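Please keep the viewer open as you go through the points.

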Protein chains: 4
Amino acid sequence: MLEKYSVRTDLALEEKERFESDNVEISGVVLEEEYDKEREIRITRVKVETENGAKTMGKPVGVYLTMEAPNMAVPDEDYHREVSVKLSGYIQELIEGRSLDTDDLSVLVVGLGNRQVTPDALGPYVADNLCVTRHIVKEYGKYAMGMEHARLVSAIVPGVMGQTGMETLEIVKGVVEETKPDLVIAIDALAARNTRRLNRTIQIADTGIHPGSGVGNHRNGLTKESVGVPVIGIGVPTVVDAATIANDTMENLIDALESSDILKGVGDVLRTYNSAEKYELVKELISPHLNGMFVTPKDEDELVKQISYTISEALNMLFTNKEEG
Amino acid sequence: MLEKYSVRTDLALEEKERFESDNVEISGVVLEEEYDKEREIRITRVKVETENGAKTMGKPVGVYLTMEAPNMAVPDEDYHREVSVKLSGYIQELIEGRSLDTDDLSVLVVGLGNRQVTPDALGPYVADNLCVTRHIVKEYGKYAMGMEHARLVSAIVPGVMGQTGMETLEIVKGVVEETKPDLVIAIDALAARNTRRLNRTIQIADTGIHPGSGVGNHRNGLTKESVGVPVIGIGVPTVVDAATIANDTMENLIDALESSDILKGVGDVLRTYNSAEKYELVKELISPHLNGMFVTPKDEDELVKQISYTISEALNMLFTNKEEG
Amino acid sequence: MLEKYSVRTDLALEEKERFESDNVEISGVVLEEEYDKEREIRITRVKVETENGAKTMGKPVGVYLTMEAPNMAVPDEDYHREVSVKLSGYIQELIEGRSLDTDDLSVLVVGLGNRQVTPDALGPYVADNLCVTRHIVKEYGKYAMGMEHARLVSAIVPGVMGQTGMETLEIVKGVVEETKPDLVIAIDALAARNTRRLNRTIQIADTGIHPGSGVGNHRNGLTKESVGVPVIGIGVPTVVDAATIANDTMENLIDALESSDILKGVGDVLRTYNSAEKYELVKELISPHLNGMFVTPKDEDELVKQISYTISEALNMLFTNKEEG
Amino acid sequence: MLEKYSVRTDLALEEKERFESDNVEISGVVLEEEYDKEREIRITRVKVETENGAKTMGKPVGVYLTMEAPNMAVPDEDYHREVSVKLSGYIQELIEGRSLDTDDLSVLVVGLGNRQVTPDALGPYVADNLCVTRHIVKEYGKYAMGMEHARLVSAIVPGVMGQTGMETLEIVKGVVEETKPDLVIAIDALAARNTRRLNRTIQIADTGIHPGSGVGNHRNGLTKESVGVPVIGIGVPTVVDAATIANDTMENLIDALESSDILKGVGDVLRTYNSAEKYELVKELISPHLNGMFVTPKDEDELVKQISYTISEALNMLFTNKEEG
């Protein structure tokens, strides 16, 4: 409704929904959905196919896969293993879509974010549980790993600019130039619009990581163009901006007023006002004190550990055929 | 305005404000204010003097001191030391108000909350930095501490019910009966209504800790009645319930509609509806997905460490005349 | 050889070995051994049956079970699960030996030690992963847990005296009196004599925890006599005192000198001196700078997490028939 | 005495002592000592001036400054501040010795080691408390920092090879090439020979970090040659190899035997054997189970935090004229 008021989301899925709620078809953007009924996992593929579609969506041309699984927030090891298996397949799909051979690959995993800020620690946690192999294969050959194929996995936790004084891009670029992986996989905590998606949604994109993404704000994206090799971004929404809650609440209220049984007359009046006027109203009312405020579940510490483990296991399955203990 | 819709706050100050905004004088409740201009510290004393006042406020009879210092969120060691000095004085005031002699006191500090949930870790962090002396004085006498007076400080971090399977009260009561302190000081992270107060407000109350207080929910209070010795509660708001943000936003919007230049007619309609009708509307619109969601600043990990240190230093100054390294 | 020089060990097994190496039969002490060849787990039961045996061993009358499994230091989840199953059986054996009914039991698990000192964090880590049920059963009845029998599990991490100013015994006694469990299970990190045993040996004793046990030094034991209910102690050696290394090395050297091919004459001389003279020599040479120094493996942080998980799973299997995620 | 048995030390000071104890003058190596009586700080400058000296010492040509201050293990904030001031001066001395201008410098601080292994976490901890400025100066100019001179401080915690699959050198080299600092300062936890030096000795060397240095083993050094810009290494011994304790104890015993009153005859025999024979004896007796074992103080967690803070403050004083809160 208030399409001019841009609420922050890093999920392509939510970007797409924003338009759907207005019944708008976006040219150059294709949406596909699957549903695994047994496991209650919904997969959405948003394919941004043209520059036009990219412009409308505010996301570059590429494939955005989203897995939504409400039970990801439940500490059930067996279920998480199944999610890891599925996730591992989708990552492979995107890698092969980039004409890379998963069987003979050198990959650098980048754990973005700040280990010391709970909802931003996803990337570092994934790196912590990753089974790195590059140094072993380099030293002893691929047979040392009991692998037929030589997949070299390395990992780095670059830290955030306030800790390093450097752009994440500078660090990643330097390491890529020195160690020459075929592919970068970057893991990041995201901001969503909807609290229902927190810690139970995984987005995989073959377009990398973009400015403004993530819980911390990256000023420069990690993309094939900036880094020099293809970049797959894996993200999990762990926070909603507090301003989003305020915005959504107001939208709900205005919707309700427009169709209210209780306050019917209000709706009649509101309907006479246009989007721009409503937007002005909302903007004015969102408290400036909500700046820098996050909405996050009480047990975020536990949830972010759990989902980071599910992701690192997916990567371990894909690249080393084994899970970390 | 929507006085029937009870938004959660653990601050007596905010409870009082709720009424003021409706221009209601509360009988049995006295409010005093001081302002330290140089240090920008505002002190508010809410004295609930009668059972009637207690009923209206939803807080037991007693003294509630609040220190608000916007700069507490800034990592300035010297400033925090000054806050510690002031805080230490106010704690002493409440102790002496309970006819206890600070110079000859055995005190048990209870660090409430969950060490593994960032905004709930305040209590455990305060206990971590506390200078405990009880075991030394017991073993070597008070002169071992270089103290003229025998102040015995002990501390416990009882954990939360989901970790222990026990009520916090059961643990504290058991320890009090076994070690017989004169006084319990319980530290807890609180929920506030207003994000501006987060991590920059300290409440000290001579009435202890009450059910529903804190980031975690205590089912039983820690009070003189339940514990057996006087209990002073020290709390810092570290979160706002996400539902509060939604509620506030709606109240703002309704206020705005009632007086709006843009949408004047809406206000005219709204004014014809009563509180109960408005309350129904708000209740209906607050998303159930906000349950269990917190609003907290991005750098909460840092902020809670900082303010917990300020509190532990105040206690160290008061009881051991020395600061922990 | 140097039986007068008392090297510190908390393992009954090592205490027993000390005598065996001198070919001494201890009256009142019975030793039984089993070996699970497939899983490479050695079980030793030291039964101290008389006060005389207790005096010689320096350990109270009771049963001391030791599981030694070299592979416990390997991060193999399946293997650790098998160890948990076995361990759970041995704990049950000791509980039933105390005439308690595992099916209808209220148990308080005490995680001894200091969370902030890596090799001393075993107890707190076990408590962290424990599935506590007491509060649920109390609130909703035993059927809420899907259990036929009402086993109430509670847990506490009392901290160490330097943090609390209180004896661990005071805290545990207070909590026991308030919550009235049938049994206390206390988990503690131990000191061993032999680095080979570190993080791969679990001792279970039905006599509780004794003064001088553990990485930190408890001044008062946790026993049926002091606590009021039976206490089962579970311990894992995580350190060797540095002085022990020095002592062992010297013993090795003296042994070697006595039988040396290279330095044969030295042995001839040494053999003319008695135990007391040799002991004086060793005592003099152990550097005072080794006081308070520990020998511990480089990857102790990882190892202590791993074995603590194995123990908490054993307890979860035994008391809640389910494993924590 | 047993000069063939090479006990591991990363301290040039201890390397030098090894020879002194044999009353050997090393050509090409100059030793200077200062003593600050009031603060009980001993400064030793070992200057390795020739390739010959380097060969004998097993350390490259360069200056090695060592500060020994027994009280560094005491948590006295004021004392640590004085140590920081002194340390900051010595770092400046080495920087200027490399013809760099401290007033106009771009420096990359590298926190070597493993954050998850307590005695190896020194480097990461120093980086955590560092005041980085590069991104601010780059964005807003040097006046944004209130600095007359433009000192750009950046920092990285590269992790260890088992975590990253990459040589530390590869990561540092990549980052240096991308961000072009004038100087690298690398912080590392060291192994010493003598437990008395643990956590109370700081070594600064203008030759960087060398293979085999540190608690973890670096396979490639960080030096001007390998990194491309001058490298200053700052190290603190936090562990002694357990084998060193065993070795020292045996040396003590053999010394004692050679001069013993009690066992005089033994000495007479031992004196007839040569170094090589004694070395064989020692080597044989050191238990293989000591491999990978460290000797470290019980309160290492606390001590390493404390000294890392002292080092980060020295760097903050030197480069930003301010201390971190």
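In this predicted model, helix 12 of chain A (residues 300–320) has 21 residues and should span 30 Å at 1.5 Å a residue, the expected span being 1.5 Å times one less than the number of residues. Its end C-alpha atoms are 29 Å apart, which agrees. Helices here are DSSP runs (H or I, at least four residues), numbered from the N terminus.

**Helix 12**
- In chain A, 18 of the 21 residues of helix 12 are buried (under 20% relative accessible area, 1.4 Å probe, protein chains only).
- In chain C, helix 12 also spans residues 300–320 and holds C:Thr310, which is buried at a relative accessible area of 1%.
- The side chains of C:Thr310 and C:His80 make a polar contact of 2.4 Å (N or O atoms within 3.5 Å, one able to donate a hydrogen and the other to accept it; residues adjacent in sequence count only if both atoms are side-chain atoms).
- Beyond four places in sequence, C:Thr310 also touches C:Val83, C:Ser84 and C:Leu87 (contact means heavy atoms within 4.5 Å).

**A loop in chain D**
- D:Val132 lies in the loop between helix 4 (122–128) and helix 5 (134–140), and is buried at 6% relative accessibility.
- Its contacts include A:Met161 and A:Thr164 from chain A, and D:Val153 from chain D.

**Confidence**
- Chain A has a mean pLDDT of 84 (the predictor's confidence in each residue, from 0 to 100).
- The complex gets an ipTM of 0.87 and a pTM of 0.87.

**Conventions**
- Residues are numbered from 1 along each chain as its sequence is written, and chains are lettered from A in the order written.
- Local features need pLDDT of at least 70, side-chain atom pairs count only at pLDDT 80 or more, and side-chain values use heavy atoms, leaving out hydrogens and water.

Terms used
Helices (H or I, at least four residues) and strands (E, at least two) are DSSP runs, numbered from the N terminus. Buried means under 20% relative accessible area, exposed over 50%, partly exposed in between (1.4 Å probe, protein chains only).
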